[in-house]
Amino acid sequence: MKIETENSPTTGNFSELVRNRHSVRKFLPDTVEREKIVACIEAARLAPSAENVQPWRFVVLDEPDAIENFGASAFSGLYRFSRWAAQAPVIVAIFAELDWIANRLGKQIQGTNYYLIDIGIAGEHIVLQARELGLGSCWIGWFDAAKGARALNAPGKWKLAALLALGYPAGNQAKIKGKRSLEDILFFNGYKK
């Protein structure tokens, strides 16, 4: 099955945005305008969520001292491999405020942590909005969540689920290649070898 995607006449701005987004781990030291940060969070706010619970809470770090202090907690010890993120001009800490029905009961019945799906959708809205605004981003999953939450004075009912580094990309960073083809991952009406 050959699937046309590269120069399809239906390819619009969204398709280009998705194709050109990649993880950025080196940023210019330039300050990111708060208007752009707020636009990214607004995009996340509009994301769908299970039972419309909207579990996300965002703590944005955009001052060097705040990022340095947070990094000393969240990227220490076993998590030191993520220290590069403390060089980003912005770190977005994405928390989940867990709802009893959609998150706890749903997990018991379905075996799915819906808040993780919700956080993923909201975070990806941030990443795509950032790209549209000329910013680079990178998801960070390797960090000390307990120390990070304490460093940010987060309420006990908030769970630190993900971090995003944001900023203006430095230099020409290579895009990661090797994405699987649609033929390898797409099956209609059941799995067929």
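Visitor: What makes strand E2 count as largely enclosed by the rest of the structure?
Guide: Eight of the eight residues of E2 are buried, so the strand is largely enclosed. Buried means under 20% relative accessible area, exposed means over 50%, and partly exposed lies in between (1.4 Å probe, protein chains only). One caution about what you see: this is a predicted model, where local features need pLDDT of at least 70, side-chain atom pairs count only at pLDDT 80 or more, and totals for chains, interfaces and linings use all residues. Residues are numbered from 1 along each chain as its sequence is written, and side-chain values use heavy atoms, without hydrogens or water.

Visitor: Which residues of E2 point one way, and which the other?
Guide: Val 90, Val 92, Ile 94 and Ala 96 point one way. Ile 91, Ala 93, Phe 95 and Glu 97 point the other way. All of them are buried.

Visitor: What makes a stretch a helix or a strand, and how are they numbered?
Guide: Both are DSSP runs, numbered from the N terminus: helices are H or I with at least four residues, strands are E with at least two. The protein chain has seven helices and four strands. From the N terminus on, their order is α-α-β-α-β-α-α-β-α-β-α.

Visitor: How do you know that E1 and E2 pair?
Guide: Two strands pair if DSSP finds at least two bridges between them. E1 and E2 have six bridges, in the antiparallel sense. Phe 58 has Ile 94 of E2 as its bridge partner.

Visitor: What sense does the pairing of E2 and E4 take, and over how many bridges?
Guide: E2 (residues 90–97) and E4 pair in the antiparallel sense over eight bridges. In E4, Leu 163 is the bridge partner of Ala 93, and Trp 158 is that of Glu 97. E4 also pairs with E3 (residues 136–140), antiparallel, over five bridges. There, Cys 138 has Ala 165 of E4 as its partner.

Visitor: What makes E4 mostly covered?
Guide: E4 spans residues 158–167, and seven of its ten residues are buried. Across the protein chain of 193 residues, 35% count as buried.

Visitor: Why is Leu 17 called buried?
Guide: Its relative accessibility is 15%, below the cut-off, so Leu 17 counts as buried. Leu 17 lies in helix H1 (residues 13–20). Contact means heavy atoms within 4.5 Å. Leaving out residues up to four places away in sequence, Leu 17 touches Leu 128, Arg 131 and Glu 132.

Visitor: How do you know that the span of H5 is close to what is expected?
Guide: The expected span is 1.5 Å times one less than the number of residues. H5 (residues 114–132) has 19 residues, which gives an expected 27 Å, and from its first C-alpha to its last H5 reaches 27 Å. Its buried residues include Tyr 115, Ile 119, Ala 122 and Ile 126. In general, an α-helix has 3.6 residues a turn, so residues three or four places apart point the same way.

Visitor: Are Asn 52 and Gln 54 exposed or partly exposed?
Guide: Asn 52 has a relative accessible area of 52%, over the cut-off, so Asn 52 is exposed. Gln 54 has 30%, so Gln 54 is partly exposed.

Visitor: Why is Glu 63 called partly exposed?
Guide: Its relative accessibility is 49%, which is in the in-between range, so Glu 63 counts as partly exposed. Glu 63 is in the loop between strand E1 (56–61) and H3. Its C-alpha is 9.5 Å from that of Ile 91, 28 residues apart in sequence.
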